[in-house]
There are 2 protein chains.
Amino acid sequence: MQVYSPPLRDMRFVLHELHGSDVLRTLEGLEEVTPDLIDAVLDEAGKLVTEVLAPLNQSADQEGCTYENGVVRTPKGFKEAYKTFIEGGWNGIACDPQYGGQGLPASVNKLVEEMLCSGNLAFGICPGLTHGAYEALKAYASDDLKNRFLPKMVEGVWSGAMCLTEPQCGTDLGLVRTRAVPQADGSYKITGNKIFISAGEQDLTENIIHLVLARLPDAPSGIKGISLFLVPKFLPKDDGALGPRNGVLCTGIEHKMGIHGSSTCQMSFEEATGWLVGEPNRGMRAMFAMMNSERLSVGTQGLGLGEAAYQAAVAYARERLQGRALTGAKHPDKPADPIIVHPDVRRMLMTMRAYNEGCRALGGWVARALDLMEHASDPQTRRQAEDFTSLMTPIVKALFTDLGFASASMGMQVYGGHGYIRDHGMEQYVRDARIAMIYEGTNGVQALDLVGRKLPAHMGRYLRSFFHPVLAYIDAKMDDENLSPLIAPLGKAFGALQLATAHIAEKGLRDPDEAGAAATEYLRLFGLVALGYMWVRMADVAYEKRAGAGDDAAFYEAKIATARFYMDKLLPEVAALWGAIKAGKAATMGLDETLF
Amino acid sequence: MQVYSPPLRDMRFVLHELHGSDVLRTLEGLEEVTPDLIDAVLDEAGKLVTEVLAPLNQSADQEGCTYENGVVRTPKGFKEAYKTFIEGGWNGIACDPQYGGQGLPASVNKLVEEMLCSGNLAFGICPGLTHGAYEALKAYASDDLKNRFLPKMVEGVWSGAMCLTEPQCGTDLGLVRTRAVPQADGSYKITGNKIFISAGEQDLTENIIHLVLARLPDAPSGIKGISLFLVPKFLPKDDGALGPRNGVLCTGIEHKMGIHGSSTCQMSFEEATGWLVGEPNRGMRAMFAMMNSERLSVGTQGLGLGEAAYQAAVAYARERLQGRALTGAKHPDKPADPIIVHPDVRRMLMTMRAYNEGCRALGGWVARALDLMEHASDPQTRRQAEDFTSLMTPIVKALFTDLGFASASMGMQVYGGHGYIRDHGMEQYVRDARIAMIYEGTNGVQALDLVGRKLPAHMGRYLRSFFHPVLAYIDAKMDDENLSPLIAPLGKAFGALQLATAHIAEKGLRDPDEAGAAATEYLRLFGLVALGYMWVRMADVAYEKRAGAGDDAAFYEAKIATARFYMDKLLPEVAALWGAIKAGKAATMGLDETLF
């Protein structure tokens, strides 16, 4: 049996104590988001996850989705759970009240998302995609489309799906072949085949709104000829009721390693009616509104699974009796000591803990920037926040999912053979976590986005949104008695990040393969430094608060101990990454293609 | 579809060119092992794997083993394949001719094993265990037991299984509860329950010989009260024919992440007749003869899957068209370039390649030592060889399986979404590879074996079997024009290994938790240095041979390019590991147990 309990204390720490939730209320539209309201939302979300969603996680994995004659059935219990989910208003908590949403900030929503991912990743994928589609439509669709589709999507009675991939194209969407032919009434007829469409067909919602990439007849070739279309499964009538079935058919689902509770569909569009979203041939722009939102959410999936695996591993490490502490029996009354006494088990638990809490803190910072982007009145603040989220999106996506997979695998290792069999649910975490490194742009593509687009953008302006606060912080705290042992390794690692950045900027300008060959290591280096910064700041808060904290002092002690572990044991990886980066591309590109 | 072609050229390189197969023929009992014979064996093994075993790999994964009323059925085709396997004499190729084996050296057998693991890991597990049981019986059983059981096991009509684990004990075998009661005729009645018994029941062989850990009535508690028993499924008659069924029953099989073609059995022993192997209460000693052999074989599993994943990833990277080279289109005639042009794809392929070939070379060195241990006439040579295999066994087991899992996962990443679905078989490699990090002693246990037993043994004598040749080599080649760019990083990494060794020896003496907290990083550091040494030596051979190599020059060029990649891009990890080791245990053990 999987065990999971929402880490509410740590979530409140990140939200209120580390990033300061008071700021939220100063923003337009968020005046009523009080700490009490936030805590109540988190509590309720935690209940939903533990009482409704998590109990279905293992059975859904074992049962999977089934396909028959165009119909996809989700695992037992999903329909009822989804009904509870949307009746509780959870589908629209972060959506605009104008369309029926609750208008809660991303800072809160990301934590709710994390709980969903921990409790039942496969279940969360469909509402996650609905939210992504909502973002794209809200940003780019006509008012008419928005008014016709968004309220139902926000409510959750209609879902969203992203139809990008085709058999011949995944990363390279310039190869899309699906065609869109304009009709006299302003609509389009869409024809083509899509694959790997998550929740492209399911039995949870009465309608499914597909966002489909396709080509207009006169479109230029490649990525500049792609347009985005809204294509519903059922065509709504003018009064909003469901009309006739559209030419959209699921022709099969994939058998895959994990996320069995989420259908991965082959979709066929045959002269399906759709409407253009945004401008002709500018589909990628609109699609990126959805993808950026999804990329951050996929990062959260990594964190959610890492947290679930950590909790399970701790529970098992306390309970499993095996061997004696190296320094002598700790529980001589028992046949053996619990394995948590062993340093190598500690190493794994501390690593998972340091990754998870570090990612939660960094995710919270990015979520705060999303809120500022959306709600700040000052254009300068909005721009800086946008710079920061642009910069951090590939890092959150790739780093969190790499670490989430590593944590899931480590959690399984704590269980030994019992982790490899199905019963405890650990191997499911590993299988589920693996997809997050791939979808919404593989982690390699994220790294290229970072070095190829985000670093050079506006002469490096995005970078400043991270470099400046970190530099200022290091400068301010360098002589702090408590923090200096943490600041020293952070400063060193940050120095390596600066060197690596300069190296890539300089070499990459002359030869883009130099940037490409360093990209993955650079993203990881950047991410580890960002987590290091978060850890020092968390320790900073913890040192400040522990004295008067009473029973809560232990929480702050744990923060300080974990910060030290991160700095001592995990941040040194930066040295390896910088070593690999500065070696340049020669070794990576040196072997002739024919000799592999 | 999985693709796999035995890497015969590289295997011959390791065997003949790197480690020199001529030495083998100078050893007693191996006089007839000519290079031609070796090559013929490898060729035939390659055919067996590609024609008979590999075609069953994916179907066996999907079908799995089934259990009904004590009977286990292996997947379709396994019975016929096993018949072909034993009829070809493959089961006994490395066994003593005295018992019907072919007496081939480990240097050859390990390469055959690698091919089996690449082609069909689950299939290979049963014969692998038979071989482990053979080793334990050969070393510790009475002549009577050996004569009654070994010939059938060597032939493969009877298989072997290792019955160690019980629900309450895995790593800590001191907790074994299974009892053995002596009988008047010198046999024992064995009673108890075992779990996680690979191939504990199957339909491939007419009998199954279980090696069972159990306690005698008067046994001391803990690990010093464990004895080893041979317990056959069917009791053989005096003429060797099968007699009555013994009190051995499979009560269920596990559902697990991978290796579905291999049954993982719950076994119940009810007054089953068995015979003592070795001395009373010294069962662990005999079991270790089996386990050490198995640990090296599990390392080979990691390598085998890493190789299979690499080959598949290369094939896909050549064929999948997606995007353009960053430096401009390489194939403007095609809709896109094959993804092998992308530096980040190259990074993954080169990493897998460098790991696989490095592990094959290191595995070849260890196999050579096994042959010297067994066949050398000079006791000093035998002892040195034994020191070396003792030292390297935990490294081969843990490092090869960690890297194998990483390679399988990387291979899947090259496929993107197509790797996550079942069709290409990439996700199977990831699932299958994951167990190798756990069974036969988790990789954390291997690390403890290294720092706790192997480092301190005989005042560090084992270490010298590795340190001396590496030091001498670095010394000899330091000024070699070709090699010096590779020797420099090797020397630096070796220096870190020396420092880390001294650090652990010194700190661990005072506080065993210090050694425990550094163990995993130390094993990896050691392993990476060992691969680095192999890479320089391979480059050395390649530089020497490429000039006159004709068509084969490309092979040597590839070796040199891969050596450079390993040194530039992978060996720098040593800096991170040494950084983490020297931080000591404080951070790992600092968090109070209650605060996790």
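Biologist: Which residue forms a salt bridge with A:Glu279?

Modeller: This is a predicted model, where local features need pLDDT of at least 70, side-chain atom pairs count only at pLDDT 80 or more, and totals for chains, interfaces and linings use all residues; side-chain values use heavy atoms, without hydrogens and water. Residues are numbered from 1 along each chain as its sequence is written, while chains are lettered from A and ligands numbered from 1 in the order in which they are written. A salt bridge is a side-chain nitrogen of Lys or Arg within 4 Å of a carboxyl oxygen of Asp or Glu. For A:Glu279 the closest N and O atoms are 3.9 Å apart, and the partner is A:Arg282.

Biologist: Does A:Arg282 count as buried, partly exposed or exposed?

Modeller: Buried means under 20% relative accessible area, exposed over 50%, and partly exposed in between (1.4 Å probe, protein chains only). A:Glu279 has 43% relative accessibility and so is partly exposed. A:Arg282 has 38%, so its class is partly exposed.

Biologist: In the salt bridge of A:Lys146 and A:Asp143, what is the distance from N to O?

Modeller: Both residues lie in helix H7 (residues 143-155) of chain A, three residues apart, about one turn of the helix. Helices (H or I, at least four residues) and strands (E, at least two) are DSSP runs, numbered from the N terminus. A:Lys146 counts as buried because its relative accessibility is 13%, whereas A:Asp143 is exposed at 54%. Their side chains meet with an N to O distance of 3.9 Å.

Biologist: How many residues apart in sequence are the parts that A:Lys559 and A:Glu357 tie together?

Modeller: Side chains of opposite charge can pair when their charged atoms come close. The side chains of A:Lys559 and A:Glu357 form a salt bridge at 2.6 Å, N to O. A:Lys559 is in helix H17 (residues 553-570) of chain A and A:Glu357 in helix H9 (residues 343-375) of chain A, so the separation of the parts they tie together is 202 residues.

Biologist: Which residues are joined with A:Lys559 into one network of salt bridges?

Modeller: A:Lys559 is buried, because its relative accessible area is 1%. A:Glu357 is buried as well, at 9% relative accessibility. Through salt bridges that share partners, A:Lys559 is joined into one network with A:Asp10, A:Glu114, A:Glu307, A:Arg353, A:Glu357 and A:Arg360.

Biologist: Which backbone nitrogen does the side chain of A:Asn120 reach?

Modeller: A:Asn120 sits in helix H6 of chain A and counts as buried, because its relative accessibility is 1%. A polar atom of its side chain lies 3.0 Å from the backbone oxygen of A:Leu53. At 3.1 Å, the side chain of A:Asn120 also reaches the backbone nitrogen of A:Phe123.

Biologist: How many residues does domain 2 of chain A bring to the contact with domain 1 of chain A?

Modeller: An automatic or database domain assignment sets the bounds, dividing chain A into domain 1 (8-65 + 73-140), domain 2 (158-282) and domain 3 (451-586). The C-alpha centres of domain 1 of chain A and domain 2 of chain A lie 26 Å apart. Contact means heavy atoms within 4.5 Å. Domain 1 of chain A brings 20 residues, and domain 2 of chain A brings 20.

Biologist: In domain 1 of chain A, which residues lose the most area to domain 2 of chain A?

Modeller: Buried area is the accessible area (1.4 Å probe) that two parts lose on being put together, summed over both. The two domains of chain A, domain 1 and domain 2, bury about 1800 Å² between them, with 74% on carbon and sulfur atoms. On the side of domain 1 of chain A, 27% of the buried area comes together from A:Cys65, A:Leu129 and A:Leu137.

Biologist: What area is buried between chain B and chain A?

Modeller: The contact takes 92 residues from chain B and 93 from chain A. Carbon and sulfur atoms give 61% of the buried area, which is about 7900 Å².

Definitions and conventions:
Polar contact = N/O pair within 3.5 Å; in protein donor to acceptor, adjacent residues only side chain to side chain.
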